[in-house]
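Welcome! Grab a pencil and take a look at the model below, then try each exercise before reading its solution.

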Amino acid sequence: MENAHPSNSNLLLGQTMSFTDDPFHAGPESSVTHHRRGAVLLRDGMIADIGPADTLRAAYPGAPVTDYGAGLISAGLIDAHAHYPQTAMIASWGKRLIDWLNSYTFPEEMRFADPEVATETAARYLDLTRANGTTTIASFCTIHPTSVEALFAAAQMRGQRLVAGKTCMDRNAPVDLRDTAQSAYDDSKALLERWHGVGRLSYAITPRFSPTSSPAQLSALGSLWAEHPDCLMQTHLSEQTDEIAWVHELFPEARDYLDTYEMHGLLGPGGLYGHAIHLTPRERDRLREVDAGLIHCPTPNTFIGSGLFDMAGLMAEGQRIGLATDTGGGSSFSMLRTMAAAYEIGQLRGAALHPAQLLWLATVGSSRALRMDDRIGNLAPGMEADLVVLDLASTPAIAQRSARAGDIWEAIFPTIMMGDDRAVQAVWMNGTLAASG
Ligand code: GUN
Ligand code: ZN
């Protein structure tokens, strides 16, 4: 602590919540530090200090103060799997995965051949997610390199942290949405070299899923990953049973769905496997052995009828799990709504997730899956200053419930279950006030 206060410092007051441990393993109550009247000092885009408000006010008397009252200051929310090109077709009715892709998704993604569609959608998508308190996103793009350029450029302008990649598909998709093994490699490599590690942007090698990539394309992308092992690799795994049956037909030599990736160099610690619902024991063992990231996308579990993710079982065996909207197979842009869906899926599987576990998944859990927990996902000195301030009484329905809360968890849970962008009182990204509601 010190007394010099450059003008790029900000002292935020409110309730603060930070994680000292993993609430799935250490227990919800003993993994959190909560200050009812707390403060966070931001400096040069980083969190410089956190503690009781009185202590920090005394330590930094010159820092400009923003007082959020009873608002809950949390690390910014991290959406570990989304499809920004599906923004305008979210909530499309009546289909399960494969029909949903063919009827709604592929026609929409074809529109991104037009760079203006990409630029306009990227801006709208990042505005929507920011308004929902999401400060980091891992997103698929379309097969068009310009769709990747558009999203990176828009995130760079806003200061949002972004992981993104060109979605690669060379079969089982409309002709206009197909690349080749070689062009997928070349385009991905060029985009990676241009954007990976630029500011807060990083590139993820992105085969959509095994049904839409030939073995040659999977191998080419496996080679690219081997050449750039510091990149993440994002894809889909075992979302619906008919998808899995199709994978078995397409890859008769593979032991299981995960093996279609493993055989082609696409299984590793920086691998992000979206959905991971219907896993075999071998797949679970291999995912844990390599310490891959499993991304739970709870709203599409029900919205496109995929099935119920086994959070309790997978956590108990030590899997690395993040949380995500999966916009627009997911039915919301909101990570609050996504936490609520994770709670509901847990209930249907006989495991009630504690509010601390839900909040942890949307922050630390996702940052661990993205291998960025040294930089984002928690309120702690040295972390990037990405924060969301939640109004725990944002609607009359929530306010009357939280007024009866006996403790902080009862105060937070109604906002998790019933909250949306109206609960987002402010968003700070990279140390700058990005939105206030
Ligand atoms: N599997 C392959 N592509 C997709 C997609 O765009 N959304 C979802 N939910 N699953 C997929
Ligand atoms: Zn997806």
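This is a predicted model: local features need pLDDT of at least 70, side-chain atom pairs count only at pLDDT 80 or more; totals for chains, interfaces and linings use all residues.

Residues are numbered from 1 along each chain as its sequence is written, chains are lettered from A and ligands numbered from 1 in the order in which they are written, and side-chain values use heavy atoms, leaving out hydrogens and water.

**Exercise 1.** Find the residues around ligand 1 and sort them by type.

*Solution.* Step 1: look for residues with a heavy atom within 4 Å of the ligand.

Step 1: sort them. Ala, Val, Leu, Ile, Met, Phe, Trp, Tyr, Cys and Pro count as nonpolar, Asp, Glu, Lys and Arg as charged, and the others, Gly among them, as polar. The shell then divides into 5 nonpolar, 4 polar and 3 charged residues.

**Exercise 2.** Find polar side-chain atoms that lie close to a nitrogen atom of ligand 1, using polar contacts (pairs of N or O atoms within 3.5 Å).

*Solution.* Step 1: start with Asp326, which has a polar side-chain atom 2.6 Å from a ligand nitrogen. Step 2: go on to Glu239, where the distance is 2.7 Å. Step 3: finish with His275, at 3.5 Å.

Step 2: check the cover. Alone, ligand 1 exposes 280 Å² (Shrake-Rupley method, 1.4 Å probe), and the protein buries 100% of that.

**Exercise 3.** How many cavities of 30 Å³ or more are there, and what lines the second largest cavity?

*Solution.* Step 1: apply the rule. On a 1 Å grid over the protein atoms alone, a cavity is a set of points where a 1.4 Å probe fits but cannot get out, and lining residues have an atom within 4 Å of a point. The count is 3.

Step 1: take the largest cavity, with a volume of about 100 Å³. Of its 13 lining residues, the closest to the centre are Leu97, Trp100, Leu101, His236 and Glu239. This cavity is the space taken by ligand 1.

Step 2: turn to the second largest cavity, of about 40 Å³. Met17, Ser18, Phe19, Ser74, Ala75, Leu359, Thr363, Gly377 and Asn378 line it.

Technical notes: A polar contact is a pair of N or O atoms within 3.5 Å; within protein, one must be able to donate a hydrogen and the other to accept it, and residues adjacent in sequence count only if both atoms are side-chain atoms. On a 1 Å grid over the protein atoms alone, a cavity is a set of points where a 1.4 Å probe fits but cannot get out, and a pocket is an open set with protein on both sides within 12 Å along at least five of seven lines; lining residues have an atom within 4 Å of a point. A molecule sits in a cavity or pocket if more than half of its atoms lie within 2 Å of its grid points. Grid points are joined across faces, edges and corners, and a volume is the space filled by probe spheres set on the points.
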